[in-house]
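Visitor: Can you take me through this one? I'll ask as we go.

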Amino acid sequence: MKPGKRLSQFIVFNLFGLISYLIVVILFIILGFIFIRGFSVISWSFLSAMPAEGMTGGGILPAIIGTGCLVVGSILFAFPVGVLSGIYMNEYLKENWFKKFIRMMTNNLAGIPSIVFGLFGMALFVNQLKFGDSILAGSLTLGLMVLPVIIRTTEESLKAVDTSLREGSYALGASKLYTIRRVVLPIAFPNIITGLILSVSRVSGETAPILFTVAAYFLPKLPSGIFDQVMALPYHLYVLTTSGTNIEESRPMAYGTALVLIVIVLIVNMIANAIRRSYRKKLKLR
Amino acid sequence: MPEYKVETQNFNLFYGDFQALKDINFHAEPNTITAFIGPSGCGKSTLLRVFNRMNDLIDGVKVTGKAFIDNMEVNDRSIRVDELRKQVGMVFQKPNPFPKSIFENVAFGLRVNGISDRHFIEERVVESIRKAALWDEVKDKLKKSAMELSGGQQQRLCIARTLAVEPSLILMDEPASALDPISTGKIEDLIFELKKSYTIIIVTHNMQQAGRVSDYTAFFYLGALIEWDKTIKIFTNPTNIQTQHYVTGKFG
């Protein structure tokens with residue numbers, strides 16, 4: 001190899017390496033910053049108490065519970081709908097203009113700004129269907145927002161299943177449905193879980209879609225049904241930093257809230273990853 | 001017992017506008033092995049897939065003429081394709097075990113049939129693995145994943161999986177082309193052994209293999225069945241000059 005070429009390779013490789021490290025460094029700076037600022041506020045009472053003293057004291061329990069409700073609600077709606085659509089798209093629908101149209105629309109749906117989902121959710125669920133500001137309306141809005149992610153990951157995971165396995169199943173006299181249930185889905189499942197993880201992370205972190213559909217500014221009690229309003233971590237964070245009663249005094253609470261939100265998302269990711277890994281191991285894939 | 005296990009009459013198959021099979025007239029007697037040979041794209045795999053209607057999975061396939069198994073027309077409206085496929089087993093080019101345990105792979109076809117009697121399934125699984133000459137190698141690890149087996153073992157597992165459903169006809173699409181010589185030898189011994197109870201059609205690119213295992217050989221070229229006769233005749237004294245060129249390795 002010519003020395004000039006070797007030098008340019010050296011430079012390019014190191015540049016790429018540096019950029020990769022930089023991403024990790026930036027991530028750690030953000031995490032570290034939140035951790036240092038937020039850690040001092042974290043205590044059992046912060047996690048388990050109602051907010052008090054105009055949100056400069058007390059805890060964030062209703063926001064944690066609220067976010068939990070919204071995650072569960074939106075996934076309960078979006079996961080079955082998304083996975084079933086993905087199965088239909090990949091397994092049943094033939095490659096024609098209609099399928100291309102649906103796929104284009106799904107991609108467009110994924111590109112819509114979350115605030116637009118918020119407005120749509122308010123118009124349809126809150127006003128038209130008269131759900132009011134409620135867990136139901138918020139969950140459906142968030143669910144619609146993550147639907148394309150789930151549909152696309154399901155479709156891609158199914159597409160990745162080797163045709164020879166389907167043929168093997170058909171050749172033994174299995175029907176299409178049996179083949180999907182017993183051969184295709186178990187193999188695709190670990191990858192479908194990836195879509196679920198992404199969705200949970202997005203749902204727990206989004207503010208705009210819940211702004212007009214469910215989120216309460218201050219509500220020191222826990223929800224008793226799906227037609228109740230709730231507080232939610234991202235919105236609570238927004239309130240504490242921009243429009244609380246005393247922004248300066250509630251600042252540490254804001255960092256604490258941010259830390260709790262990040263930790264929850266991390267834990268969910270880790271659990272889902274563990275499920276995925278154990279499943280892969282069971283199937284002996286890769 | 002019908003005279004012919006498998007038969008086609010003036011059979012044509014089209015992929016859209018492309019004619020992949022041209023006026024095929026072929027039959028095979030019970031308990032014989034027929035080898036389909038010919039260069040890539042000559043239609044031999046396509047014809048193989050006519051008998052268990054695997055071509056149904058491809059869009060835009062049209063057929064004319066007739067194909068029979070035990071005098072029953074495979075494309076007849078009254079035929080249920082899943083029932084047909086239970087009678088006609090298939091082994092593929094690439095070993096394709098399911099990512100399940102060795103036991104569950106062989107039990108798959110039984111469960112498809114709605115059999116849930118554990119005792120029966122166990123017996124049939126063991127019996128099928130034995131018939132596929134795999135028992136000694138896997139008897140201590142039936143619960144282990146089939147993905148841990150070697151390629152040759154996987155292919156014999158796929159044969160066991162096919163045998164478990166008790167088909168009467170077995171289609172093999174280049175079953176040894178992805179395997180090493182030793183595994184290939186084992187598969188060939190097995191095919192020979194299976195002839196006693198089954199009718200077998202095997203597609204192969206390997207002339208020696210066709211010569212070694214088959215009773216009859218059919219040579220295909222550009223979608224047509226050029227010549228078809230006793231294997232010994234095809235390899236020693238073919239009638240057609242194209243066949244002669246192909247089996248002697250002048251083209252293909």
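Visitor: In chain A, what share of the contacts with a separation of 6 or more comes from residues 24 or more positions apart?
Guide: They account for 77% in chain A, where a contact means two C-beta atoms, placed from the backbone, within 7 Å. This is a predicted model, in which local features need pLDDT of at least 70 and side-chain atom pairs count only at pLDDT 80 or more, while totals for chains, interfaces and linings use all residues. Residues are numbered from 1 along each chain as its sequence is written, and chains are lettered from A and ligands numbered from 1 in the order in which they are written.

Visitor: What is the secondary structure of chain A?
Guide: Eleven helices and two strands, in the order α-α-β-β-α-α-α-α-α-α-α-α-α along the sequence. Helices (H or I, at least four residues) and strands (E, at least two) are DSSP runs, numbered from the N terminus.

Visitor: How much of chain A is buried?
Guide: Of its 286 residues, 38% are buried. Buried means 20 or more other C-beta atoms within 10 Å of a residue's own, exposed 12 or fewer, and partly exposed in between, with C-beta atoms placed from the backbone. The C-alpha trace of chain A spans about 70 × 65 × 35 Å along its principal axes.

Visitor: How do α8(A) and α11(A) cross?
Guide: The axes of α8(A) (residues 176-205) and α11(A) (residues 247-283) come within 9 Å and cross at roughly 180°. Axes here are lines fitted to C-alpha atoms, for helices over the stretch in contact, and angles run from 0 to 180 degrees between N-to-C directions. The two helices are therefore roughly antiparallel, the term for angles over 145 degrees.

Visitor: Which residues of α8(A) and α11(A) meet there?
Guide: Among them are Phe189(A), Ile193(A) and Ile197(A) from α8(A), and Ile264(A), Val268(A) and Ile275(A) from α11(A). By class the contact has 16 nonpolar, five polar and two charged residues. Ala, Val, Leu, Ile, Met, Phe, Trp, Tyr, Cys and Pro count as nonpolar, Asp, Glu, Lys and Arg as charged, and the others, Gly among them, as polar.

Visitor: On to chain B. Is strand β7(B) enclosed or open, and why?
Guide: Largely enclosed by the rest of the structure, because five of the five residues of β7(B) (residues 169-173) are buried. Leu169(B), Leu171(B) and Asp173(B) point one way, and Ile170(B) and Met172(B) the other.

Visitor: How many residues of chain B are in contact with chain A?
Guide: 23 residues of chain B, against 17 residues of chain A. The elements giving two or more residues to the chain B side are α2 (81-87), β6 and α3 (102-112).

Visitor: What about phi of Arg53(B)?
Guide: Near 55°, a positive value in a residue other than glycine. Arg53(B) sits in the loop between α1 (44-48) and β4 (61-69) of chain B, and counts as buried because it has 20 C-beta neighbours inside 10 Å.

Methods. Parallel < 35°, antiparallel > 145°, perpendicular 65-115°, else oblique.
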